[in-house]
Amino acid sequence: MASGTEVTPTSYMSHHLTNLTSSIGDGAFWTLHVDTLVMALLTGIVSFGFLGWVVRGATSAVPGKRQAFVELAVEFIDEQVKSAFHGDRHAFVAPAALTVFIWVFMMNAMDFLPVDIMAWIYERLGLHNWRSVPTADVNTTFALALSVWLLMIFFNIKVKGLGGWIHELVCSPFGKNPLLWPVNILFNLVEYVSKPLSHSLRLYGNIYAGEIIFLLLGMWAATGLSGTVFGTLLGAGWAIFHILIVTLQAFIFMMLTVVYLSMAHESH
Amino acid sequence: MNINFTLISQAMAFAIFIWFTVRFVWPPLMRAIETRQKTIADGLAAGERGKRELELASQRSADVVRDAKQRASDIIAQAEKRAAQIVDEAKGAAEDEGARILAGKKAEVEQEVFRAREALRQQVADLALAGASKILRREVDAKTHADLLASIKAEL
C-alpha cells in the first residue's frame, strides 16, 4: 500500500499477490521470487534447525518436553509411513516424509500471519512487494512435486532396474500383449504427468485460495463499520478453519509423497 | 502462475533439507527412541521376573514355615510321649523298689521271728530241762538221758 495513492480493490489485491522478483538472466524463466525463496529457507532453517538442535541433545533416558514433542511428531510420521511403505523406511522414505510434512506445514502456516500488518512491516523494511506464504507460489509446490517425481523415477530404476521399469511402463497395467503396448504407454504417460500436477496444484490451490479469502475479508473490513465487524468475525473464523487446512494439506502432501515413493518400490 | 528459476532454487533447498533430515535428524532420534524402548522393555521384563521370584520366594517361605511347624509339633508330641514314658518307668521302678524293700523287710521280720522262736524254744527247753533236772536231780543222770532231752528239745 503505497502511501499517497488511492487504494482500489484491484491495486490492493495485486499488491498483495505480487512477488518480489529479481532477474538473474535474460528471459522470463531467469527470474527469482526472492520473497518465496527467503521465506521458504527461513521456515526450513528454523524448523530443521530446531529439529537438529533437539536431536543433538536427545537422550534415550527420560525425554524433556521439547524432545517429547519432537518425538511425537516423528513417531506420528513414522506410523503413517509404516502403514504405506513396506521396506526399510528408515533409510530414506520416512525422514523424507518428515521433511516434507514439517516444511510444508511451516510454509503453509505463514498464512496465519495477518496480511496487512505484515505488509506494513515489510513496507517499513523497504520491501514493497513481499508474499509471506511460499506454498501460495506455484514454483514452490512444483519444485516439491517434481523433486518427488524425480525421486519416484529414481527409485523405480533403482529397485527394478532400467529394463524392469521400462517393462512396467510398456506392459502394465493392461498386459503383455504387444497390441496393448500403446495403450499401456499412454496410460502410464497420463499417470506420470498427472501425478506431479495434482500433487502440486492441490497444495497450491488450497493455500492460494486461503490467502485470497483473507485478502477479500481484509478488503471488506475497510468498507465501514459492518464490514469491519463481519470482516473481523469471518477473518477469525477463517483463520481457525485454516489451522485445519494448513495441517491437512501438509499431511496430504506428505502422504502422497510416501504413496508415490512406495509405489515406485513395488513391482506390478 | 509463472514458472521460473524459483522452482529450481526451491528444489535445491528441498534436497538440502531432505539430506539434513536423513543424515542428522532421523537416525539419532530413532536410535534414542529405540534404546529407550529397549530399556523400558527390559525394565518391564525385570519387574515381571521380580514379581515371579517374589511369588516363588513367598511360596518357599510358606513351605518352610509349614515344615517347621510340623517339626515343632512332632517334637512336642515326641517329648510328651517320652515324658509319659519316663513317668511310667519311674513309677514302675518305684513300685519295684517298694516291693523289694517290703520283701526284704518281711524276710528280716520272718528271720527275727524265727530267731526269737529259736531262742524261746532254747529257753523253754532249758527251763524244762532245768525244771526236770531239778525234779529228777536225784534219779536222772544228765549224761545218760542227754539224747532223750535233746529229742524233747527238738519237739518244742
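Visitor: What makes residues 142-159 of chain A 100% helix?

Guide: In this predicted model, local features need pLDDT of at least 70, side-chain atom pairs count only at pLDDT 80 or more, and totals for chains, interfaces and linings use all residues. Residues are numbered from 1 along each chain as its sequence is written, while chains are lettered from A and ligands numbered from 1 in the order in which they are written. Helices are DSSP runs of H or I with at least four residues, strands are runs of E with at least two, and both are numbered from the N terminus. By that rule the span 142-159 of chain A is 100% helix and 0% strand, with its end C-alpha atoms 25 Å apart.

Visitor: Why is H7(A) called roughly antiparallel to H8(A)?

Guide: Axes are lines fitted to C-alpha atoms over the stretch in contact, with angles from 0 to 180 degrees between N-to-C directions. H7 (residues 181-221) and H8 (residues 225-265) of chain A cross at roughly 170°, their axes coming within 9 Å. Angles under 35 degrees count as roughly parallel, over 145 as roughly antiparallel, 65 to 115 as roughly perpendicular and the rest as oblique. So H7(A) is roughly antiparallel to H8(A).

Visitor: How do you know that chain B is more spread out than a compact globule?

Guide: Chain B has two helices and zero strands. Its radius of gyration is 61 Å, well over the 15 Å that the globule rule gives for 156 residues, so chain B is more spread out than a compact globule. The radius is taken over C-alpha atoms, and the rule is 2.2 Å times the number of residues to the power 0.38. The C-alpha trace of chain B spans about 195 × 25 × 15 Å along its principal axes.
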